Amino acid sequence: MVRNRKSTAQPKHGNSNESSSSSAASEASFVIRTFHFLSIWKTLVGAVCFMIAVYISTLGYLETRVNTPLGEKKAVLESGVKVSDRYWGSYRPGVYFGMKSREPRSPVFGLMWYELAASAHKGIRHLCEQNDNLPSYGWIRHDGVNFGEQLISDPPHNIQTSFLKVPGGQHGGHWTARINVTSTGKVNSPFVMVWYSALDESLGAGIHSRLWYESGDNLGNVLGHTLALGNFRVQLVPYSGKIIHVSHSQAHASGIHLLKEKFYSLFKVEKHPHFGRLAVMGPDAELDDNLDNEVNFIPVQIIVETPFVLDVIYTTQGFPAPPLKGDEYTNTLENLTRRFDEKFEKEFRLKEKGYSDEDVYIAKAAMSNMIGGIGYFYGASRVRSQYTKEAVPYWKAPLYTGVPSRSFFPRGFLWDEGFHGLLIGRWSPEIQLDIASHWLDLINVEGWIPREQILGVEALARVPKEFVVQSNAAANPPMLLLNIARLVKDQPDLFKAEMPHRQTLNRMFPRLQAWYQWFQTTQKGEEHTSYRWRGRENDGVQLNPKTLTSGLDDYPRASHPTYIERHVDLRCWMYAATDAMATIAQALERDTEKFESMRDQLGDEDLLNELHWSPHTQTYADFGLHTDGVRFIRQQSKNPKEGSKLIRSVTIPPQPSLVTSAFGYVSLFPMLLKVLQPESENLGKIFEMLDKPDLLWSPYGLRSLSKAAPMYMKRNTEHDPPYWRGQVWININYLALSALKHYSSVKGPYAERALELYTTLKANVVGNILSEYKRTGYLHEQYSGEDGHGSGCKPFTGWTALVVLIMADEY
């Protein structure tokens, strides 16, 4: 029985064990599956997290590239007091007369003035303003190093400002400025001049930077201290004339761009026995009790009878050389003036070429204003890329650069500087290489340079908000690269192995390569060897969307911007840039093969013609989605208070095509930048059309757009007048003259025709610029193709000053 129970029980016991094992296996399998699932899930989560981290870090990396400096040795090796002969200068081109040093946060010194009887309606002169309507002002001599001499006409007064330097020492040496005021048609005409000293507000105030006024002989002294300059003194010393009244104030200005406004706020009324009520300097009501911690602006107001001469003498502690003053100043200025005139004639030989004394005087003024317009700026641009939601600051940096116009554009522009350098480099290669080095040190890790430099509060205050932020997709013609190559080609002895400029060029080269490569990777078009300016946007308001990046702004391009566009001017710029890189590489004994190979491609006329030649019109042209059927119509606003406005209307649908209706400067670029060979039939066709008065030719130079073009002298918006739509521009006329002289001097079937065009065009351009200067007292931004009258901003002594090189036959 027991056995039977066992026998009956055994199977039962055996089934229980089997069930238990199955359950355990199932549980184990579940645990394994769960663990496996969890592992996969964790792996996936980890992978996702990793990808997110990679994405975020990549995005962060891309975001920071726009404001990360290129990791190459800087082109500027020495600056500040180490370059003592250029340490102090008239580096504030936006004011009528001012001095500062090449320090990032230099104290600034400057002049304001007004006529006592007319202060209410004429206002105080300080910043160069077109609305001041001065008959003329500008440098008549300036050598960029030792001295400058300027004439300002503000009837009934003429103001002559000049400065001389005694460089050296640990803090840059001394300088003296002289203000000489005379009257026209009046004797003893009362005049109010104000000489001020100011600290950049970013210096703060206190122990490390201070200004204070000290009563004493003559008109008293302004004493100051900064870490870079140590202790300095500014003495105001009358040289001749009668003083009516002197007053000063010690004040705090919230920015050096607001000094004039602060000066206004310091007026108090005081009785005078002859003039009745006088507005003189009073205390700053906004100052705290502790002056030492607040004062950063000291204006000294001097009311005088004309004629009157004031010497402003800046001296620095510890420099033993005596400053120039009095008769010694007069004699030294005369000697420097004579040396300047001798050097100018030696360099340009204008008298030898038969120009009159008056014409040579204008040429000297043109070049001097180019040199005297050089400024020193410090600050950070505002930039953005497609990876940054908001604009971000560029790194803080200095910029030593010329400016196009003291009244309207007192800041640096990239493609303008390439043209400036043609003249500056002819006068002083050292100054031009210094300028180019400063620009190249602004290249970021992508190889991009912001095309407009708005550095510091003085510069920022003069720029409309919509132009402050720079996009890293925006190019500008690489004229600065061509300028450097021209200097290398024309003055090879400067770049021999043992010369210091050779080392400068060596430091420049990696930066030039990075800039060149940036063009090749970011501005390429869809077709092989085609290029496209980025930055065009169809906002539905502009008659033809601007291409600011090309430098030709509102020059008509394809009516409907798309990615299919091909821009012939940019393709030609890239040919010239590639040739320039080959020239510089060869001078430095580096590999030129890749540049020469690309130059051969871009110089292939068959490829150029395939992309840009129109057999129908026999012209070069852009390509894009285009129609000439665009016009303005007036539309009533939904808001009755806003009235009506002009909007763009498209009457004919656009088609992909060459933009042949816009014959103008862009059509000439294969000739302008010497892409075409001397025997090219297309070159001959350009020459045939060049002097037709109903197209580009005028008695004053080549128009920017043909008179037959639909957009000729048309507004781009209701409030946006034509700019590059017919006016005569001197930089492009300079390129045209350079090309014509080139083609006239090389063997080819069109050499005689090129010489004929060159001779007549040069006479037209030079004759009109000189005539307009005599008529208006200024060089202008552009000139009318109808009557030759200057237009745009004035004075414009940027690339319009290239008239000096044109007169000298230097290209």
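**Reading a helix, its strands and its cysteines**

Guide: In helix H12, which spans residues 593-602, the residues Phe 595, Met 598 and Leu 602 are buried. Because these residues cover an arc of only 70° around the axis, they lie on the same side of H12. Please keep in mind throughout that this is a predicted model.

Visitor: Which residues are exposed on the other side of H12?

Guide: On that other side, Glu 593 and Asp 600 are exposed.

Visitor: What covers the buried residues of H12?

Guide: The cover includes helix H10 (500-522) and helix H11 (568-587).

Visitor: Turning to the strands, how do strands of a sheet pair?

Guide: The general idea is that strands of a sheet pair through backbone hydrogen bonds, in either a parallel or an antiparallel sense. Here, strand S6 (residues 157-166) runs antiparallel to S7, and 10 bridges join the two, with Phe 163 standing opposite Ala 177 in S7. S7 also pairs with strand S14 (residues 297-316), again in the antiparallel sense, over seven bridges, and in this pairing Thr 176 stands opposite Ile 313 in S14.

Visitor: How many of the 10 residues of strand S7 are buried?

Guide: Eight of them are buried, so that strand S7, residues 174-183, is mostly covered. As a general point, the side chains of a regular strand alternate between the two faces of the sheet.

Visitor: In what order do the strands S16, S17 and S21 form their open sheet?

Guide: The order of these three strands is S17-S16-S21, and the pairing is mixed. Strand S17 (392-393) and strand S21 (469-471) are the edge strands, each of which pairs on one side only. Strand S16 (residues 382-384) and S21 run parallel and are joined by three bridges; Val 383, for instance, has Gln 470 as its bridge partner in S21.

Visitor: Finally, how many disulfides does a search of the whole structure find?

Guide: The search finds zero disulfides.

Visitor: Why is Cys 128 too far from the closest cysteine sulfur for a bond?

Guide: The closest cysteine sulfur, in Cys 793, is 12 Å from the sulfur of Cys 128, whereas a disulfide requires the two sulfur atoms to be within 2.5 Å.

Visitor: And are Cys 128 and Cys 572 buried or exposed?

Guide: Burial requires a relative accessible area under 20%. Cys 128 has 0% relative accessibility and therefore counts as buried, and Cys 572 is buried as well, because its relative accessible area is 1%.

Definitions and conventions. Residues numbered from 1 in each chain as written. Predicted model: local features only at pLDDT ≥ 70, side-chain atom pairs only at ≥ 80, totals over all residues. Heavy atoms only, no water. Pairing = 2+ DSSP bridges. Helix = DSSP H or I, 4+ residues; strand = E, 2+ residues; numbered from the N terminus. Buried < 20%, exposed > 50% of the residue type's maximum accessible area, 1.4 Å probe, protein only. Arc of directions from axis to C-beta. Contact = heavy atoms within 4.5 Å.
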